[in-house]
Amino acid sequence: INAIEKMNSDVLKIIFRLPPTSNFQFNAGQYVNLIKGTTNRSYSIASKPNTKNQLEFFIKKYENGLMSKYWFEEAKVNDLLRIEGPLGSFFLRESKYEHIVFLATGTGIAPIKSILESLIEQPSNFSKKEFWVFVGARFKEDLLWNPDVRNDKIKINYIPVLSRQVEDWSGEKGYVQDSVLKQKIDLENTQVYACGSNQMIQSAKKLLFENSLCENNFFSDA
């Protein structure tokens, strides 16, 4: 462990440094299993590939969780863990579609952060597309990351959506999937990548399919 940062009361940012001789490669959006003793859990990588031999993770606290107890009560800089991976197929596909929609709740923003940061660095085949990032949270302090929407390489629309914030918030309220429909995006010309709670993913899938999204264009990682 290279660094531990508290992002809010329930989420830590953990940065690992890999051995100097490591040649760990992954596709932006993939995850790994982090192993401590006999316990292992899956976490999406939040950093983009080729980041100085470091890996970044957003780790949520779960009540009575074995790994949560370690992360939030015991973990310290220079602790040694093993990793297994990379794993998963949650990565951006090249396509003809003009709109790319990302949906995230909670720490589900991690793989989307990895994908977008790698795109901004190497926009190439995606420079003509329009990206939409819908991030759902309860309160403002639960928003873990803001993309660099001012870059001139790719067009990114960032729309945070809060479900419980009442005061001091003039932005979108409710659920991310409902906010997608408000933007009048041409869903027949869209790919969707959703990461977060299983409830959000299932609800978004049903709603967007009912509104002309092709079933082959919905990719998810619960």
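Author: Buried means under 20% relative accessible area, and partly exposed lies between that and over 50%. The model discussed here is predicted.

Reader: Is Lys13 buried or exposed?
Author: Lys13 lies in strand β2, residues 11-17. The cut-off for burial is under 20% relative accessible area. Because the relative accessibility of Lys13 is 18%, Lys13 counts as buried.

Reader: Leaving aside neighbours within four places in sequence, which residues is Lys13 in contact with?
Author: Contact here means heavy atoms within 4.5 Å. Once the neighbours within four places in sequence are left aside, the contacts of Lys13 are Ala3, Ile4, Glu5, Met7, Glu56, Phe57 and Phe58.

Reader: What is the relative accessible area of Asn2?
Author: Asn2 is found in the segment before β1 (3-8). Leaving aside neighbours within four places in sequence, Asn2 is in contact with Ile15, Phe16, Arg17, Gln54 and Val77. Asn2 counts as partly exposed, its relative accessible area being 28%.

Reader: How many Å apart in space are Asn2 and Val77, C-alpha to C-alpha?
Author: Val77 is among the contacts of Asn2. The two residues are 75 residues apart in sequence, and their C-alpha to C-alpha separation in space is 5.6 Å.

Reader: What should the 13 residues of helix α2 span?
Author: The expected span of a helix is 1.5 Å times one less than its number of residues. Helix α2 covers residues 109-121, and its end C-alpha atoms are 18 Å apart.

Reader: How many of the 13 residues of α2 are buried?
Author: The buried residues of α2 include Ile109, Pro111, Ile112, Lys113, Leu116 and Ile120. What covers the buried residues includes β4, β5, β7 (99-105), β8, β9 (155-162) and β11 (190-195). Helix α2 is largely enclosed by the rest of the structure, because its buried residues number 11 of the 13.

Reader: Which residues of β11 are buried on each side?
Author: β11 is mostly covered, with 6 of its 6 residues buried. Both of its faces are covered. One side has Thr190, Val192 and Ala194, and the other has Gln191, Tyr193 and Cys195.

Reader: In β11, which residue is the bridge partner of Ala104?
Author: β7 and β11 pair in the parallel sense, over 6 bridges. In β11, the residue bridged to Ala104 is Cys195.

Reader: Which residue in β12 does Tyr193 stand opposite?
Author: β11 also pairs with strand β12 (residues 218-221), in the parallel sense and over 4 bridges. Within β12, the residue opposite Tyr193 is Phe219.

Reader: In β8, which residue is the bridge partner of Phe102?
Author: β7 and β8 run parallel and are joined by 7 bridges. The bridge partner of Phe102 in β8 is Val133.

Reader: Which residue in β9 does Trp132 stand opposite?
Author: β8 and β9 pair in the parallel sense over 8 bridges. In β9, the residue opposite Trp132 is Asn157.

Reader: How much space lies in the largest pocket?
Author: The space in the largest pocket is about 1300 Å³. Its lining has 41 residues, of which the closest to the centre are Lys60, Thr105, Gly106, Gly196 and Ser197. By class the lining divides into 16 nonpolar, 17 polar and 8 charged residues. The volume asked for is about 1300 Å³.

Reader: Which element gives the largest share of the lining of the largest pocket?
Author: Elements that give two or more residues to this lining are β4 (39-44), β5 (54-60), α1 (66-74), β8 (130-137), α3 (176-182) and α4 (198-210). The largest share is 4 residues, and it comes from β4.

Reader: How many charged residues are in the lining of the second largest pocket?
Author: About 240 Å³ of space lies in the second largest pocket. Its lining includes Phe26, Pro49, Phe91, Ile115 and Gln122. By class there are 8 nonpolar and 4 polar residues, and the number of charged ones is none.

Reader: How much space lies in the largest cavity?
Author: The structure holds 1 cavity of 30 Å³ or more. Among the residues that line the largest cavity are Thr105, Ile109, Val135, Asp142 and Trp145. The lining has 5 nonpolar, 3 polar and 1 charged residues. The space in the largest cavity is about 30 Å³.

Methods:
Residues are numbered from 1 along each chain as its sequence is written. This is a predicted model: local features need pLDDT of at least 70, side-chain atom pairs count only at pLDDT 80 or more; totals for chains, interfaces and linings use all residues. Side-chain values use heavy atoms; hydrogens and water are left out. On a 1 Å grid over the protein atoms alone, a cavity is a set of points where a 1.4 Å probe fits but cannot get out, and a pocket is an open set with protein on both sides within 12 Å along at least five of seven lines; lining residues have an atom within 4 Å of a point. Grid points are joined across faces, edges and corners, and a volume is the space filled by probe spheres set on the points. Ala, Val, Leu, Ile, Met, Phe, Trp, Tyr, Cys and Pro count as nonpolar, Asp, Glu, Lys and Arg as charged, and the others, Gly among them, as polar. Buried means under 20% relative accessible area, exposed over 50%, partly exposed in between (1.4 Å probe, protein chains only). Two strands pair if DSSP finds at least two bridges between them.
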